[in-house]
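The sequence and structure are shown first.

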Amino acid sequence: MTSKILSRDDLQKQVAEWRDAGDFITLANGCFDLLHVGHVRYLKAAKALGGRLIVAVNADESVRALKGKGRPIMPDAERAEILAALADVDAVVIFPEHDVRALIREIRPDVQAKGTDYSADSVPERDAVQEYGGRVAIVGDPKDHSASEIIRTKLGPR
């Protein structure tokens with residue numbers, strides 16, 4: 001794999017290769033609009049679950065729908081490139097949907113890792129993970145960091 005940033009089709013092929021090699025697959029996802037220490041801790045904890053870590057990044061349109069006008073601050077290709085530069089990340093994919101259900105059904109990760117702003121029961125996509133017997137893990141430090149809050153307090157209204 002020359003680049004960690006993969007299309008959906010290439011990701012499916014890569015996951016199949018990893019599975020053939022016996023690798024465990026973990027999926028983390030988010031907007032990652034401004035990378036901050038909470039994101040780094042979340043991804044480090046997701047990687048600690050074992051195996052390969054795939055990070056799914058919301059496309060610009062879905063960030064706008066989720067976060068509102070003026071978002072994202074950085075385009076999806078740049079957010080993906082920054083995430084791909086992290087040692088804990090094995091692959092990055094950009095997805096246009098509002099949640100990762102479709103991607104979960106495509107790659108069937110062993111674990112979907114979500115941050116501590118969720119509980120195991122509140123993860124929106126847990127139904128898709130449970131369909132094939134995967135599990136959801138809540139990882140990272142307490143939700144004390146927020147790109148939205150940084151943008152609001154440091155950059156002002158957009």
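The sections below go from the overall architecture to individual residues.

## Overall architecture

The model is predicted. The protein contains seven helices and five strands. Read from the N terminus, the order of elements is α-β-α-β-α-α-β-α-β-α-β-α.

The protein has 158 residues, and 42% of them count as buried. When contacts between residues at least 6 apart in sequence are considered, 74% join residues at least 24 apart.

In soluble globular proteins, nonpolar side chains tend to be buried together. Here the largest nonpolar core comprises 18 residues, and Leu11, Leu27 and Ile54 have the most contacts inside it. At least two residues of this core come from each of α1 (8-20), β1 (25-30), β2 (52-58), β3 (91-95), α5 (101-107) and α6 (126-131). A second, separate core has 17 residues, including Tyr42, Leu43, Val55 and Val92.

Beyond its neighbours within four places in sequence, leucine 27 is in contact with Ile54, Ala56, Val100, Leu103, Ile104, Ile107, Pro109, Val111, Gln112 and Ala113.

Side chains of opposite charge can pair when their charged atoms come close. The count of salt bridges in the protein is 13. One of them joins glutamate 97 to arginine 8, with the closest N and O atoms 3.2 Å apart. Glutamate 97 lies in the loop between β3 and α5 and arginine 8 in helix α1, so this pair ties together parts that are 89 residues apart in sequence. Glutamate 97 is partly exposed, at 28% relative accessibility, whereas arginine 8 counts as buried because its value of 18% falls under the 20% cut-off.

Arginine 19 and aspartate 110 form another salt bridge, at 3.9 Å from N to O. This pair also links distant parts of the chain: arginine 19 is in helix α1, and aspartate 110 is in the loop between α5 and β4 (111-114), 91 residues apart. Both side chains belong to partly exposed residues, with relative accessibility of 31% for arginine 19 and 29% for aspartate 110.

## A buried pair and a network

The side chains of aspartate 33 and arginine 71 meet in a salt bridge with an N to O distance of 2.5 Å. Aspartate 33 is placed in the loop between β1 and α2 and arginine 71 in the loop between α3 and α4, so the pair ties together parts 38 residues apart in sequence. Both residues are buried.

## Surroundings of methionine 74

Methionine 74 sits in the loop between α3 (60-67) and α4 (76-84). Its relative accessibility is 17%, so methionine 74 counts as buried. Aspartate 33 is 41 residues from methionine 74 in sequence, but their C-alpha atoms are 6.1 Å apart. Not counting residues up to four places away in sequence, methionine 74 touches Phe32, Asp33, Leu34, Asp60, Arg79 and Ile82.

Ile82 also belongs to a nonpolar surface patch with Leu35 and Val40, which together have about 190 Å² of accessible area. Valine 40 is in helix α2 (residues 37-47) and counts as partly exposed, at 36% relative accessibility.

## Backbone exceptions

Most residues other than glycine have a negative phi, and most peptide bonds are trans. Arginine 71 and proline 72 are joined by a cis peptide bond, with omega about 0°. Proline 72 is located in the loop between α3 and α4.

Phenylalanine 32 is not a glycine, yet has a positive phi of about 50°. The residue lies in the loop between β1 and α2, and phenylalanine 32 is buried, with a relative accessible area of 3%. Arginine 108 likewise has a positive phi, near 45°. Arginine 108 is found in the loop between α5 and β4 and is partly exposed, at 42% relative accessibility.

Methods. Residues are numbered from 1 along each chain as its sequence is written. This is a predicted model: local features need pLDDT of at least 70, side-chain atom pairs count only at pLDDT 80 or more; totals for chains, interfaces and linings use all residues. Side-chain values use heavy atoms; hydrogens and water are left out. A nonpolar core is a set of buried Ala, Val, Leu, Ile, Met, Phe, Trp, Tyr and Cys residues joined through side-chain atoms within 4.5 Å. Buried means under 20% relative accessible area, exposed over 50%, partly exposed in between (1.4 Å probe, protein chains only). Helices (H or I, at least four residues) and strands (E, at least two) are DSSP runs, numbered from the N terminus. Contact means heavy atoms within 4.5 Å. Patches are made of residues with over 30% relative accessible area and no salt bridge: like charges are joined within 9 Å, nonpolar side chains (Val, Leu, Ile, Met, Phe, Trp, Tyr) within 5 Å. Accessible areas come from the Shrake-Rupley method with a 1.4 Å probe; for residues, only the protein chains shown count as cover. A salt bridge is a side-chain nitrogen of Lys or Arg within 4 Å of a carboxyl oxygen of Asp or Glu.
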